[in-house]
Amino acid sequence: MINAMMALGLNFITGVANQFSLGSAGFIALGAYTSAVLTKEFFHAWYLIPLTALIGASVSGLAGYLVSIPSFRLKGDYLAIVTMGFAEIVRVIFLNWNYVGAARGYNGIMKWPDFSWAYFVTGSFLILTFTILYHLKISCFGRNLWALNEDEIAAEVMGTPVARSKRTAFMISSFFSGLAGAMYAHHLGYISPGSFGFLMTVNVLIISVLGGLGSMSGSVIAAAILTALPEVLRSLPTGDIDIRMIVFPILLILMMILRPQGLFGRKEIWDTK
Amino acid sequence: MSDFANNIKNTALLEIKNLNLSFGGIKAVQNVSFDLKENELLGLIGPNGAGKTTVFNMISGFYRADSGDILFQSKNVVKKINDLKPDAVNKIGIARTFQNIRLFGQLSVLDNVQLALQQRAPIAWFDSIFRTKKYLQTELDLKNESLELLKIFSLDVLSNEKASQLSYGLQRKLEIVRALATKPKLLILDEPAAGMNQTETDDLKKLILFIKDHFNLTVLLIEHDMKFVMSICERIVVLNRGEKIADGTPTEIKKNNSVIEAYLGKRSVANV
């Protein structure tokens, strides 16, 4: 579920608006650390986690907005590198900041009292994320993004506020990445800068691409598959040899050859045409 | 006071004054001035590299002129539009099409038009996230308005097709419809007849004359196809090497020596 949220956040900016961002992990980390610190140092109450999570998400969204102002002067690969750089900066800051445990990681984050609460709140947030992003995708705002995705110059000539739409989309995307990060922190109870490395961004990106860039339901389904698949493969009767990490990439490669547009392309699972 | 108001009414819709732009050492446009009266159909022609598209791009906000003014009259107020961004230029009433068609290929025909229309009716996020009544109503209105517009050009039957699946001629048409959907006063067409056969060109001619009357538009046209330009334009401005060399009715232009020179070279002038 957390993976699905992370992927949804990224999918909105990369899939719908076609702005290739590799900064996911940075925003996830911001959300995670903010919410973790708030609960541990200030609130001390598990039932306030949804609130701190939203604050964490807002911090992340604000950071996203600030980052987007200079970086959306760039396009394509260059944008990807800048956002990647941002994620790296965030990671390095947390790595050297003693207050949040620096390289040791941040321990003893408030956790949910039991699993049903965890599932209930995370699930609700996932539904919220999904609904909001899906509604935005099919709205006027979404149509602006699709248009600038297809042809920025034409969109601009048609009166679309291109720069503003991109910034807004990036802010929304980082907001939900941050929210996912907060859920992640409270789920594990321990976070360290190491877990927010580039690998996390790649994982999130794989989910988005596999589900179909621009397909919100695709992201959710791909997240479910990609989270469950390693566990299913674990039970393969292969004796002592661990072939999981061989089968898994092969499946991914096959998938990309057979359906390069992802599971659903741009469509949602319920779209008929 | 009334004199002043009258004055403004009589001034041109678009006025271009002493426009200059160079790319590095190349002077792409030098001291070009011309104007466009309301409801006029003006053709801008010239050999390759004469600076036609550069002038277009300056008007529509993609290039910034080194010096000179672009004045546009909107709501009886003359505005300098040199420094506006393309989306702002569109908002004050100038729409354009492109030499190479730039539709949103993966979007439906309807969405292409609706995108252009919706810029006039912005909807708050709040409304789109919660799908309020206001949002649904606006969307429905936009959709109906788009369909009506498409119907005028009998494109409504294709409204659910992807734009990229239309034929070349229809794509051109759709691009013009999309530009119209932004409700412009001035429509700029960049080589609309490029790559068209004779029948398609004839249709296009009818289409341009039709929209000019029906939507009460002023049209600025860049074109290579001489026959097309001569038959449709009321007035023609000729550019060569970044400079304006002639300005007049099609008949005047046909006789103009420097125009013939620019197109055919000096010798043929001697032969005439």
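The structure is a predicted model, in which local features require pLDDT of at least 70 and side-chain atom pairs count only at pLDDT 80 or more, whereas totals for chains, interfaces and linings use all residues. Residues are numbered from 1 along each chain as its sequence is written, and chains are lettered from A and ligands numbered from 1 in the order in which they are written.

Chain A contains 11 helices and zero strands, where helices (H or I, at least four residues) and strands (E, at least two) are DSSP runs numbered from the N terminus. Its pattern along the sequence is accordingly written α-α-α-α-α-α-α-α-α-α-α. The C-alpha trace of chain A spans about 55 × 50 × 30 Å along its principal axes. The radius of gyration of chain A is 19 Å, which agrees with the value near 19 Å for a compact globule of 273 residues; this radius is taken over C-alpha atoms, and the globule rule is 2.2 Å times the number of residues to the power 0.38. Of the 273 residues of chain A, 49% are buried. A residue is termed buried if 20 or more other C-beta atoms lie within 10 Å of its own, exposed if 12 or fewer, and partly exposed in between, with C-beta atoms placed from the backbone. Two residues are in contact if their C-beta atoms, placed from the backbone, lie within 7 Å. Among contacts in chain A between residues at least 6 apart in sequence, 80% join residues at least 24 apart.

Within chain A, the axes of helix H1 (residues 2–16) and helix H8 (residues 162–188) come within 8 Å and cross at roughly 170°. H1(A) is therefore roughly antiparallel to H8(A), a term applied to angles over 145 degrees. Axes are lines fitted to C-alpha atoms, for helices over the stretch in contact, and angles run from 0 to 180 degrees between N-to-C directions. The residues that meet include A:Met5, A:Leu8 and A:Phe12 in H1(A) and A:Phe170, A:Phe176 and A:Met183 in H8(A). The residues of this contact divide into 15 nonpolar, four polar and no charged. In this division Ala, Val, Leu, Ile, Met, Phe, Trp, Tyr, Cys and Pro count as nonpolar, Asp, Glu, Lys and Arg as charged, and the others, Gly among them, as polar.

The contact between the chains takes 25 residues from chain B and 21 residues from chain A. On the side of chain B that touches chain A, two or more residues each come from helix H3 (86–91), H4 and helix H5 (125–130) of chain B. H4(B) gives the most, with five residues. This side of chain B comprises nine nonpolar, nine polar and seven charged residues.

Helix H4 of chain B (residues 109–118) has 10 of its 10 residues buried, so it is largely enclosed by the rest of the structure. Among the buried residues are B:Val109, B:Asp111 and B:Gln118. Their cover includes helix H6 (140–150) of chain A, together with helix H6 (133–152) and helix H7 (168–181) of chain B.

B:Asn31, although not a glycine, has a positive phi of about 50° and lies in strand E2 (residues 26–36) of chain B. B:Asn31 is partly exposed, with 14 other C-beta atoms within 10 Å. B:Arg241, also a residue other than glycine, has a positive phi near 45°. B:Arg241 is placed in the loop between strand E9 (235–240) and strand E10 (243–248) of chain B, and counts as partly exposed with 16 C-beta neighbours inside 10 Å.

Key
Angles under 35 degrees count as roughly parallel, over 145 as roughly antiparallel, 65 to 115 as roughly perpendicular and the rest as oblique.
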